[in-house]
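Look at the structure first, then read the points below it.

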Amino acid sequence: MEAIVCQNLVKTFPGKPPVEAVRGLDLGVGMGECFGILGPNGAGKTTTLEILEGLQDPTSGDVRVLGKNWEMDGAEIRQRIGITLQETRLSEKQTVAETLELFRSFYNRGLTLDASIAIVGLESKRDSRISTLSGGQKQRVALACALVGDPDILFLDEPSTGLDPQSRQQVWEVVRALKLRGKTILLTTHYMDEAEKLCDRLAVVDHGKVIALGTPVELIRQWGGGNLIELGTFGPEPRREEILQLPGVSGAKSVTDSRAADGTNHLVLRVDRPHETIPPLLALVEKSGAGLSSLNVRQATLEDVFLALTGRNLRDETP
Amino acid sequence: MNLDEQLEVNSSPQSPMWQLILARVRDFYREPAAIFWVYGFPLVLAVALGTAFRDRPVERIPVAVTNAAGSPGPLWAETLESLGKDPRIELRILDSSQASKELALGKTALVVEVESAGLVLKTEKNRPESALAQGVVEAVLWKTKAGSASQGSGSAPVSGKAENRIRVEETAETGGRYIDFLIPGLLGMNLMGGGLWGLGYVTVDLRVRKLLKRLIATPMSRVDFLLSLVLGRMGFLLLEIMILLGFAWLAFDVSIHGSVATLALTILAGAVCFQAIGLLVASRATSYEAVSGLMNLTMLPMYVLSGVFFSSDRFPQVVQPLIQALPLTALNASLRGVINEGSGLAEIYGNLLILFGWAAAAFVLALRLFRWR
Ligand SMILES: Nc1ncnc2c1ncn2[C@@H]1O[C@H](COP(=O)(O)OP(=O)(O)O)[C@@H](O)[C@H]1O
Ligand SMILES: [Mg+2]
């Protein structure tokens, strides 16, 4: 049985004009899988997640969680899922333990308080008020609230957004620990590093639709190209047709090019074997009379996948 | 990390309702400002207004003299003279309706009504200073009589069978002082504010913080949630009432003339009514601004119209039916009835019905409109 399935999910918010937040989205998440929904702000990630969590009703489409649907078996599903919302402000005056005890009381069975506190590594903050915690610690309390009912599925909406690098690492540790315990996890993110590091499989979502699906490695191989050469030049622009014919340039097209404000040209090439491409590339630049301002070789990332798929960056707002 | 240790699972949860109530209580008592506004502020108001309108201190006893004998005769002059001489007495001459009004309001401790053939001392039996004034006035008049007798002045008005000519009339203008009027008003105001804040503001706060949505995603029962707000509120309320009434009793000698059970029922009706209205106010609001606006819109007219600080009778007759139908008017009237006049259910049931009517309508509407997520 798949843990989560949704088919042709549509959510349109009424208004003038209506907002089509989700437009026919299909997902299937297997048991024990850590699945990521990757997309820029406004792509419809939160809306999708909240529909799956039973917090919003879809305009149309079919949703199954643990083989059950929300209309019939809502109460049962709620006992078996744990969630973090994109934004929740827990009550500042309560302590960590008190907050968890409240959440624990809603579930028929679940973890002991100490166990849930230990998983998120907040033993030393057990009796501290929420108001005294850092952003990262608050997020870990939110995670503990999600898992105190010992759920089968965890829904995490942007679990590390807005946190400092160290706190993000700590949140990732928790998610990894949960993966090890065999939990099914569905998370959303607009960070490619988070998606790459945590997720077994990813759906890249834009404008309320899945535009690519696969493991991070597959996606990068398929859409990002293996390696990228970023070339910056000034002066006359090198001829792109000639560059594309150089040895080792794959995919037959550049990912992007643009003319920066300072007058330099930036060109990103997808290449299989950078060491074969670079010498003739440099010769070509020299021949065209341009000057070299920068040359950079790196591995493709999910950011490049998104760029290749949409022509936009992940961190850009959905237009 | 030791996973085995963390797999510790148990299945004996705490009562969710109790946990929700505990959370409410902690939220409240850990917020010193809230404690002041809920518990301290009404006392400050009571002290400020109660002392501002309080009877003068007893060094000079306010006594009013009225003439009920048609034209002022010798008895009138004699009474004025003897009482006016006494330094303990602050004597004023008033017409009789004004005098009884001042007695009711506690502005005067005693009214001496001069009739053609004797004096009537009108006292307020519930008020210690009234008894004190009676003693002082009687002593003064007795001394005059004794002095007159020794001088052999037969025309002394209060000489001779003075005791037959002085009659004492106890009025039952119970709870007639301003502070007696004020305390039930403050109680009503507190019930209204408490209900609207305790359910209205608190709910919207949870909604704005997305905590309501988070709770709804758990198996928490919505009935538990609403009941926890109500029960938490009732707990705070009990404390508020005891503090306010206890204080009023100790500091101002305000006592409850009706039965405590009737008072409890009245308070319960008021609490339930304003909690339901609080829930209605909170049913759709998604911002602090919206809920504050709605709460003010609800409360301000009632502060003014419903007789918290002054009687609502002062408003024109045409708007009276409207004012009487307001829940706070009904609550204040019932509270004043029970506390000041000793009214029973027979006298106040109409107002209680108004309160329960508002409660039922607001609750039904609130549940229909309520935005849980
Ligand atoms: N309650 C709502 N009413 C109207 N529009 C909404 C509502 N919630 C979300 N949207 C819109 O739907 C789109 C998708 O939003 P969301 O699911 O929050 O995206 P993401 O989580 O990917 O950033 C956005 O354009 C957003 O403005
Ligand atoms: Mg979102």
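The model is predicted, so local features need pLDDT of at least 70 and side-chain atom pairs count only at pLDDT 80 or more, while totals for chains, interfaces and linings use all residues. Residues are numbered from 1 along each chain as its sequence is written, chains are lettered from A and ligands numbered from 1 in the order in which they are written, and side-chain values use heavy atoms, with hydrogens and water left out.

**Ligand 1**

- Around ligand 1 lie F13(A), V19(A), A21(A), P40(A), N41(A), G42(A), A43(A), G44(A), K45(A), T46(A) and T47(A), where near means a heavy atom within 4 Å.
- By class this shell has five nonpolar, five polar and one charged residue; Ala, Val, Leu, Ile, Met, Phe, Trp, Tyr, Cys and Pro count as nonpolar, Asp, Glu, Lys and Arg as charged, and the others, Gly among them, as polar.
- Oxygen atoms of ligand 1 lie 2.7 Å from a backbone N or O atom of G42(A) and 2.8 Å from one of K45(A).
- In the side chain of T47(A), an N or O atom is 2.5 Å from an oxygen atom of ligand 1.
- Of the 560 Å² of accessible area that ligand 1 has on its own, the protein covers 61% (Shrake-Rupley method, 1.4 Å probe).
- Two or more shell residues come from each of β2 (19-30) and α1 (45-52) of chain A, and α1(A) gives the most, with three; helices (H or I, at least four residues) and strands (E, at least two) are DSSP runs, numbered from the N terminus.

**Second largest cavity**

- There are two cavities of 30 Å³ or more; a cavity is a set of points on a 1 Å grid over the protein atoms alone where a 1.4 Å probe fits but cannot get out, and lining residues have an atom within 4 Å of a point.
- The second largest cavity holds about 30 Å³, and its lining divides into six nonpolar, one polar and one charged residue.
- α3(B) supplies the largest share of that lining, four residues.

**Largest pocket**

- The largest pocket holds about 1200 Å³ of space; a pocket is an open set with protein on both sides within 12 Å along at least five of seven lines.
- Its lining has 45 residues, with F28(B), A34(B), W197(B), Y201(B) and V202(B) nearest the centre.
- α8(B) gives the largest share of this lining, ten residues.
- The lining of the largest pocket comprises 26 nonpolar, eight polar and eleven charged residues.

Terms used: A polar contact is a pair of N or O atoms within 3.5 Å; within protein, one must be able to donate a hydrogen and the other to accept it, and residues adjacent in sequence count only if both atoms are side-chain atoms. Grid points are joined across faces, edges and corners, and a volume is the space filled by probe spheres set on the points.
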